[in-house]
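Please look over the sequence and the structure shown below before reading on.

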Amino acid sequence: MTNRGKSIGISCNPEMKEINLLSILYNRANDLPNTIKKKICAELGWSEPTFYRKMQSITDEHRLLKSLSNMEKRTIAEIFLNEYESSIQHLSETVKSQHKYI
């Protein structure tokens, strides 16, 4: 995870000193959409413009056109779930590691 191009070097070991908890939690949550976008593009072989095109609803006259295949939907859902679960786990460990400072 990065903060304005600088690594914030988080580890959840018991010897960790006090950290700026607000900064860590906020930056992790703020980085999540970009992380998800990058993983979706890598997994599905999309460019960033393709990612944004696929996000838009496509209509032809009065009907909605299918913009995602079932495989793409499954892949996207798996990436979202995995990234959110990973982030929640990481944030939980970070908060727990700071318990003695709270």
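At what angle do the axes of helix H1 and helix H3 cross? In this predicted model, the axes of H1, which spans residues 21–44, and H3, which spans residues 70–97, cross at roughly 160 degrees and come within 10 Å. Because angles over 145 degrees count as roughly antiparallel, H1 is described as roughly antiparallel to H3.

**How the helices pack**

- Two packed helices are described by the angle between their axes together with the distance between those axes.
- The crossing in which H1 passes H3 is right-handed, and the residues of the contact of H1 with H3 divide into 14 nonpolar, six polar and five charged.
- H1 also comes within 10 Å of helix H2, residues 48–55, when their axes are considered, and here the crossing angle is roughly 100 degrees.
- An angle from 65 to 115 degrees counts as roughly perpendicular, and H1 and H2 are therefore roughly perpendicular to each other.
- On the H1 side this contact is made by Lys37, Ile40 and Cys41, while H2 contributes Glu48, Phe51 and Tyr52.
- By class, the contact of H1 with H2 has four nonpolar residues and two charged ones, with no polar residues.

**The largest nonpolar core**

- In soluble globular proteins, nonpolar side chains tend to be buried together.
- The largest nonpolar core in this model has nine residues, namely Leu32, Ile36, Ile40, Cys41, Leu44, Trp46, Phe51, Ile76 and Ile79.
- H1 and H3 are the elements that give two or more residues to this core, and the largest share, five residues, comes from H1.
- Phe51, a member of the core, touches Lys37, Ile40, Cys41 and Trp46, when residues up to four places away in sequence are not counted.

**Two single residues**

- Glu83 lies in helix H3, and because its relative accessibility is 11%, Glu83 counts as buried.
- Leaving aside neighbours within four places in sequence, Glu83 is in contact with Leu32, Thr35, Ile36 and Lys39, and of these Leu32 and Ile36 are listed in the largest nonpolar core.
- Ile19 is found in the loop between strand S2, residues 6–7, and H1, and its relative accessibility of 25% means that Ile19 counts as partly exposed.
- Although Ile19 and Ser97 are 78 residues apart in sequence, their C-alpha atoms are 9.6 Å apart in space.
- Ile19 is in contact with Ile24, Thr94 and Gln98, again leaving aside neighbours within four places in sequence.

Key: Residues numbered from 1 in each chain as written. Predicted model: local features only at pLDDT ≥ 70, side-chain atom pairs only at ≥ 80, totals over all residues. Heavy atoms only, no water. Axes fitted to C-alpha atoms, helices over the stretch in contact; angles between N-to-C directions. Helix = DSSP H or I, 4+ residues; strand = E, 2+ residues; numbered from the N terminus. Parallel < 35°, antiparallel > 145°, perpendicular 65-115°, else oblique. Left-handed = near helix turned anticlockwise from the far one by under 90°. Nonpolar A, V, L, I, M, F, W, Y, C, P; charged D, E, K, R; others polar. Core = buried A, V, L, I, M, F, W, Y, C linked by side-chain atoms within 4.5 Å. Buried < 20%, exposed > 50% of the residue type's maximum accessible area, 1.4 Å probe, protein only. Contact = heavy atoms within 4.5 Å.
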